[in-house]
Amino acid sequence: MKHIDTQPIVRQVNHDAVIESHVAPTSMSDRIAFAFVKLLRFFADTFFAKRYGHRAVVLETVAAVPGMVGGLWQHLKALRYMRDDEGWIRTLLDEAENERMHLMTFIEIAQPNRFERALIVAVQLVFYNFYFFLYLFAPRTAHRVVAYFEEEAVISYTAYLAEVDAGRHENVPAPQLAIDYWQLAQDARLRDVIIAVRADEAEHRDVNHGFVDALDAERA
């Protein structure tokens, strides 16, 4: 691929992000979204156990899909109704880009094997098509799925951080990609990366729960 000079992608770590937060399901849509995410969590726990780096590689592949799909549909909706998108497109595409950077970071840390790379392709193929039609027919449920998925991501990264702090996972140097992206210190370690990623996931959690509230307000 030919290199094109562009502005560097950078992000600051949100140290003020609320880590522990949960929105209890209240509607049938919420309960379906919550149950679906818990099912995904069961499979992730069964397959990866405490191999958190490898878990992150596969799950960030899933997490990078919704923002792009949602951004596409919001773009088309704004064109169709000839109105402003109120910032939804930019926010969703930023979410997709951010999750992709998570994936690129953990690929360098975990070094997935051929099977896991094949799994990434399969997961992307299945989940993209599933989420595409979910967002088409039930955008509220789609955003709640992402919000609950991010709630689980925060829990997983908190557990990953605890494993690193306990010495059960080596606190390896942070990849240069992560240092540049989150503007970390040059001597940053894995622990710093996990804290940055967890804060991002907490932001996405709150944003998507907020999108659900906005959709509910439109229908009220």
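This is a predicted model: local features need pLDDT of at least 70, side-chain atom pairs count only at pLDDT 80 or more; totals for chains, interfaces and linings use all residues.
Student: Why are helix 3 and helix 7 called roughly antiparallel?

Tutor: Helix 3 (residues 88-110) and helix 7 (residues 190-219) pack at an angle of about 155°, and their axes are 11 Å apart. Angles over 145 degrees count as roughly antiparallel, so helix 3 is roughly antiparallel to helix 7. The crossing of helix 3 past helix 7 is left-handed.

Student: What makes the contact between helix 3 and helix 7?

Tutor: On helix 3 the contributors include Trp88, Leu92, His102, Phe106 and Ile109. On helix 7 they include Leu190, Val197, His204, Phe211 and Leu215. By class, this contact of helix 3 with helix 7 has 11 nonpolar, 6 polar and 4 charged residues.

Student: How do you know that helix 2 and helix 3 are roughly antiparallel to each other?

Tutor: Helix 2 and helix 3 pack at an angle of about 160°, with 8 Å between their axes. The cut-off for roughly antiparallel is an angle over 145 degrees; helix 2 and helix 3 are therefore described in that way. Helix 2 passes helix 3 in a left-handed crossing. The residues of their contact divide into 15 nonpolar, 9 polar and 4 charged.

Student: Why is the term roughly antiparallel applied to helix 1 and helix 4?

Tutor: The axes of helix 1 and helix 4 cross at roughly 175° and come within 15 Å. Because angles over 145 degrees count as roughly antiparallel, the term applies to helix 1 and helix 4. The contact is made by Phe36, Phe47 and Phe48 of helix 1, with Phe115, Glu116, Leu119, Phe127 and Phe130 of helix 4. By class, those residues are 7 nonpolar, no polar and 1 charged.

Student: What makes up the lining of the largest pocket, by class and by element?

Tutor: The largest pocket has a volume of about 610 Å³. Of the 30 residues that line the largest pocket, Leu40, Ala44, Val58, Leu59 and Val62 are the closest to its centre. Helix 1 (28-48), helix 2 (52-81), helix 4 (114-137) and helix 5 (139-165) are the elements that give two or more residues to this lining. Helix 1 contributes the largest share, 9 residues. By class, the lining of the largest pocket has 24 nonpolar, 1 polar and 5 charged residues. Ala, Val and Leu count as nonpolar, so the five residues closest to the centre, Leu40, Ala44, Val58, Leu59 and Val62, belong to the nonpolar class.

Student: How do you know which residues of the second largest pocket lie closest to its centre, and which helix supplies the largest share of its lining?

Tutor: The second largest pocket has a volume of about 240 Å³. Lining residues have an atom within 4 Å of a pocket point. Helix 2, helix 3 and helix 4 each supply at least two residues of the lining, and helix 2 gives the largest share, 6 residues. The residues of this lining divide into 8 nonpolar, 2 polar and 3 charged.

Key. Residues are numbered from 1 along each chain as its sequence is written. Side-chain values use heavy atoms; hydrogens and water are left out. Axes are lines fitted to C-alpha atoms, for helices over the stretch in contact, and angles run from 0 to 180 degrees between N-to-C directions. Helices (H or I, at least four residues) and strands (E, at least two) are DSSP runs, numbered from the N terminus. Angles under 35 degrees count as roughly parallel, over 145 as roughly antiparallel, 65 to 115 as roughly perpendicular and the rest as oblique. A crossing is left-handed if the near helix is turned anticlockwise from the far one by less than a right angle, and right-handed if clockwise. Contact means heavy atoms within 4.5 Å. On a 1 Å grid over the protein atoms alone, a cavity is a set of points where a 1.4 Å probe fits but cannot get out, and a pocket is an open set with protein on both sides within 12 Å along at least five of seven lines; lining residues have an atom within 4 Å of a point. Grid points are joined across faces, edges and corners, and a volume is the space filled by probe spheres set on the points.
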